[in-house]
Amino acid sequence: ELGGRVYIPAFAVERTQQLLYLLNRAYHEGTLPLLPVYVDSPMAVGATEIFRIHPECFNKEVYDFLFREKDPFCFEQLGESQALNKMNGQAIIISASGMCEAGRILHHLANNIGDPKNTVLFVGYCAEHTLGRKIMDGWKEVPILGKQYPVRARIREMDSFSGHADHGELLEYFDRT
């Protein structure tokens, strides 16, 4: 919407593959414009290959999509790049780690969290005291790789991906047992 990029800190195994599947599905359903999508995590790329060669492990919805679209994790724009911080234009970049504590997401955040055209989209749980939690909690400036960076990018959360129960959900669970 603003012409910037969307950075998604994601866990390399399972969460990245969920995102790729849902982005691909949204594109094919016409609810997502054709944007370049990059996975910038060697572990996530490797894990995606394992998912790709084991379709017997998919649920029926993904399995059916697999046979309609041939690859539920990929559309033509999917790729891996170390030069993503120098590119121009809109894109979706999925990078590990999900809590922003290590990995290539740190370099993406350091180079791009100060740009108000960009969005950082959290799709999972971030523990207390992690960089991800500080960003989600609205800190105006955050420490990344030993330096302070102003947070000007839009910060969004989609907790529907999180596999963690919150306090109320845990109490509800124990009440039922």
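**Entry 1: terms and ground rules**

I count two strands as paired if DSSP finds at least two bridges between them. Helices (H or I, at least four residues) and strands (E, at least two) are DSSP runs, and I number them from the N terminus. The model is predicted, and I take local features only at pLDDT of at least 70 and side-chain atom pairs only at pLDDT 80 or more, while totals for chains, interfaces and linings use all residues. I number residues from 1 along each chain as its sequence is written, and side-chain values use heavy atoms, with hydrogens and water left out.

**Entry 2: the whole protein**

I looked up the totals before the details. The protein has six helices and seven strands. Along the sequence I read the pattern β-α-β-α-α-β-α-β-α-β-β-β-α. Of its 177 residues, 42% count as buried; buried means under 20% relative accessible area, exposed means over 50%, and partly exposed lies in between (1.4 Å probe, protein chains only).

The accessible surface of the protein comes to about 10200 Å². Carbon and sulfur atoms hold 54% of that surface. These areas come from the Shrake-Rupley method with a 1.4 Å probe, and for residues only the protein chains shown count as cover.

I then looked up the contacts, meaning heavy atoms within 4.5 Å. Among contacts with a separation of 6 or more, 74% are between residues 24 or more positions apart.

**Entry 3: the sheet**

What is the strand order of the open sheet? I read S2-S3-S1-S4-S7, five strands with parallel pairing. Strands S2 (37-39) and S7 (154-157) are the edges, each pairing on one side only. On average, neighbouring strands of this sheet are turned by 20° against each other, direction ignored. For such angles, axes are lines fitted to C-alpha atoms, for helices over the stretch in contact, and the angles run from 0 to 180 degrees between N-to-C directions.

Helix H1 (residues 15-29) packs on the sheet and touches S1, S2 and S3. The direction of H1 makes about 160° with that of S3. I also noted helix H4 (residues 105-112), which lies across S1, S3 and S4 and runs at about 145° to S1.

**Entry 4: strand S1**

I followed S1 (residues 5-9) next. Four of its five residues are buried, so S1 is largely enclosed by the rest of the structure. S1 pairs with strand S3 (residues 91-95) over five bridges, in the parallel sense. S1 is also joined to strand S4 (residues 119-122) by two bridges, again parallel.

Which residues stand opposite Val-6? In S3, I found Ile-92 facing Val-6. In S4, the bridge partner of Val-6 is Thr-119.

Tyr-7 and Phe-122 are 115 residues apart in sequence, but their C-alpha atoms are 8.5 Å apart in space.

The side chain of Tyr-7 has a polar contact of 2.7 Å with that of Arg-5. A polar contact is a pair of N or O atoms within 3.5 Å; within protein, one must be able to donate a hydrogen and the other to accept it, and residues adjacent in sequence count only if both atoms are side-chain atoms. Another polar contact, of 3.1 Å, joins the side chains of Tyr-7 and Asn-112. Asn-112 belongs to helix H4. With 5% relative accessibility, Asn-112 counts as buried.

**Entry 5: salt bridges**

How many salt bridges does the structure hold? I read two, where a salt bridge is a side-chain nitrogen of Lys or Arg within 4 Å of a carboxyl oxygen of Asp or Glu.

One joins Glu-29 and Arg-25 at 3.0 Å, N to O. Glu-29 and Arg-25 both lie in H1, four residues apart, about one turn of the helix. Arg-25 has 26% relative accessibility and counts as partly exposed.

Arg-133 and Asp-137 also meet in a salt bridge, at 3.2 Å, N to O. Arg-133 counts as partly exposed too, because its relative accessibility is 21%.

**Entry 6: a loop residue**

Last, I looked up Thr-130, which sits in the loop between S4 and helix H5 (131-136). Thr-130 counts as buried, at 9% relative accessibility. Leaving aside neighbours within four places in sequence, I found Thr-130 in contact with Met-99 and Glu-101.
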